[in-house]
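Student: Hi! Could you walk me through this model? I'd like to begin with the pocket.

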Amino acid sequence: MQTRFTLRQLEYCTCVAQTGSIAAASRLLNVSSPSISTALSQLEDELGTALFIRQRAQGLALTEAGRTLAAQANKILAEATELTRLAGTVSDAVQGPLRLGCLVTFAQIVVPDLRRSFETAYPSVAISQTELTQPDIFAGLRRAEIDLGLSYAIDVPKDLDFHPIKTLPPFVMLAPDHALADRKSLTIEDLAPHEMVLLDLPLSSDYFRAFFDAATVTPRIAERTKDMAVARSLAANGFGYSIVNFRPIGTLAPDGKPLVFIPLMSDLPPIEVGILSAKGTMKRRACATFLEHCIREMGS
């Protein structure tokens, strides 16, 4: 049902009902008399009934319909005041739920530990997590399906906010018996003759290709996968090197085979990881506190 009145109109109506005149209500509300008169006329038109009897010498008197509406309007305004109070309480309190979207490439590395440590510190918050691609994080924030997104600063739209946590340099991930595994650092030119395992996710793949574009080198892509765990196993089994930013805590692929991580030297700036949010989301205390927690836990 479409609302046929505004809270402001109800406020003017109840004030006039209490004071008995538009002039008195004007002084009490610090609103011009014509504004109140217009609002009352609009309210009567919308409801299709007269709310006041205009008495030239005695001001305004409520009609029977006016008395009924004024009594109900007082209840509605009280509920609206309580709703505003509750909204302020929720906004200022560190309490949940908090829906977190995380980029699939590193969700398994950081999110479980972040959740556990945050919920231990703030037991009134219940975090739910969803693993998403970068475009899906953007869409989830815009549709309010998630509250925050943990991801990279890659092509962030202007209608979303990015809150940086940490800068991550790139690494080359490869098997210990790879021809380049004994190097202290590598360049794109070093990688050019060798086969590559590309983590082929939206926007992420463009980021990895940018290293080669900057060096005017064409990568030899031998394998493509959308799963970081698969990329690690392919690299560990000698199917090629891969480029990563988030290093796992261990150096083993999911199938138990070892991996080597070597810094990649490039003129491109390191990528930032941080929290994505819709405009205004950080006004909620739980979201701002989670960002602070991420900075403490991940920023070092």
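Tutor: Happy to! Helix α5 gives the most to the lining of the largest pocket, with 4 residues. Helices (H or I, at least four residues) and strands (E, at least two) are DSSP runs, numbered from the N terminus. A pocket is an open set of points on a 1 Å grid over the protein atoms alone where a 1.4 Å probe fits, with protein on both sides within 12 Å along at least five of seven lines, and lining residues have an atom within 4 Å of a point.

Student: Before we go on, what kind of model is this?

Tutor: This is a predicted model, where local features need pLDDT of at least 70 and side-chain atom pairs count only at pLDDT 80 or more, while totals for chains, interfaces and linings use all residues. Residues are numbered from 1 along each chain as its sequence is written, and side-chain values use heavy atoms, leaving out hydrogens and water.

Student: Thanks. What volume does the largest pocket have?

Tutor: About 240 Å³, where volume is the space filled by probe spheres set on the grid points, which are joined across faces, edges and corners. The lining has 12 residues, and the closest to the pocket centre are Ile 109, Val 110, Phe 246, Glu 297 and Met 298.

Student: Which elements each supply at least two lining residues?

Tutor: Those are α5 (107-121), β6 (160-168) and α10 (285-298). At least three lining residues come from each of domain 2 (96-168 + 272-298) and domain 3 (171-269), with bounds from an automatic or database domain assignment.

Student: And how do the lining residues divide by type?

Tutor: Into 7 nonpolar, 1 polar and 4 charged. Here Ala, Val, Leu, Ile, Met, Phe, Trp, Tyr, Cys and Pro count as nonpolar, Asp, Glu, Lys and Arg as charged, and the others, Gly among them, as polar.

Student: Back to β6: which sense does its pairing with β13 have, parallel or antiparallel?

Tutor: Antiparallel, over 8 bridges; two strands pair if DSSP finds at least two bridges between them. Thr 167 has Glu 272 in β13 as its bridge partner. Strand β5 (residues 148-152) also pairs with β13 in the antiparallel sense, over 4 bridges, and Gly 149 stands opposite Leu 276 there.

Student: Why is β13 largely enclosed?

Tutor: Because 6 of the 8 residues of β13 (residues 271-278) are buried, the strand is largely enclosed by the rest of the structure. Buried means under 20% relative accessible area with a 1.4 Å probe, protein chains only.

Key:
Buried means under 20% relative accessible area, exposed over 50%, partly exposed in between (1.4 Å probe, protein chains only).
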